Amino acid sequence: QTNPTIKSQASHMVDFLIGQSTKKMYVISDSVDENNFYSSLKNMLAKRDTNLRITEIIIQRNEDTIDYSVFDSLGINTLLIHSEDQAFVTDVISKIYRISPYFKFMLLGRPRWIKYDNIEIELFHQLNTWLFTPSMIHYEQKEVESFVKNYRLSFKMEPDRFAFQGFDVMRFFIGYLQKYGKAFCPCLGKSDIQILLSKSWEDT
């Protein structure tokens, strides 16, 4: 699978939270339903860090403000907006922004937020927002520079994410085929095949 699974994404967020020594996290949503990401996140946190406490805040769409009495006025308030609805996410961020002069926040965002064009960058900065992404292209690496140069020469255009992804898939499987032969499937995960989209292949 070329894209990290929901479980893999949740695992990386857990690593980040533990690395930040987070002791309390507020999860803001518009319902009590749990999607796969949030369910995986809660299960992993329960297994790895029993000291981290989650406070769930339900906000109705017609509410004008958030009950700020639940937030810590001294420490950093770690927030996760549990929703796939762009309108709801945007509305919550605006509400949190209005009380940000009185509290310290760290807002955790999902990859699709990068595509939201109705949220001002200033709000992200003010709320100390961290957005994680399934992959990263390090353009300063020599192999990436070489790939971009050759792609431009061959196709007279800039490579997009799918060009990098297609190259990585080819390199990954050809690397195993070259090293282990046709019966390489049992050997998957035993070699670190260097790819362009990130430091190492996401294990699914």
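Read along the sequence, the elements follow the pattern α-β-α-β-β-α-β-α-β-α-α. That gives six helices and five strands. Helices (H or I, at least four residues) and strands (E, at least two) are DSSP runs, numbered from the N terminus. The model is predicted: local features need pLDDT of at least 70, side-chain atom pairs count only at pLDDT 80 or more, and totals for chains, interfaces and linings use all residues. Residues are numbered from 1 along each chain as its sequence is written, and side-chain values use heavy atoms, with hydrogens and water left out.

**The sheet**

The five strands form an open sheet in the order β2-β1-β3-β4-β5, with parallel pairing. Two strands pair if DSSP finds at least two bridges between them. At the edges lie β2 (53–58) and β5 (129–131), each pairing on one side only. On average, neighbouring strands are turned by 25° against each other, direction ignored. Axes here are lines fitted to C-alpha atoms, for helices over the stretch in contact, and angles run from 0 to 180 degrees between N-to-C directions.

| Strands | Sense | Bridges |
|---|---|---|
| β1 and β2 | parallel | six bridges |
| β1 and β3 | parallel | four bridges |
| β3 and β4 | parallel | five bridges |

Single residues mark these pairings. I28 has I57 in β2 as its bridge partner. Y26 stands opposite L79 in β3. L79 in turn has L107 in β4 as its bridge partner.

Strand β1 is largely enclosed by the rest of the structure, because five of its six residues are buried. Buried means under 20% relative accessible area, exposed over 50%, and partly exposed in between (1.4 Å probe, protein chains only).

**Helices on the sheet**

Helix α1 (residues 6–19) packs on the sheet and touches β1 (24–29), β3, β4 and β5. The direction of α1 makes about 160° with that of β4. Helix α3 (residues 86–99) lies across β1, β3 and β4, and runs at about 165° to β3. Contact means heavy atoms within 4.5 Å.

**The whole chain**

The C-alpha trace spans about 60 × 40 × 30 Å along its principal axes. Of the 204 residues, 38% are buried. Take the contacts between residues at least 6 apart in sequence: 69% of them join residues at least 24 apart. The accessible surface comes to about 12,700 Å², and 52% of it belongs to carbon and sulfur atoms. Such areas come from the Shrake-Rupley method with a 1.4 Å probe; for residues, only the protein chains shown count as cover.
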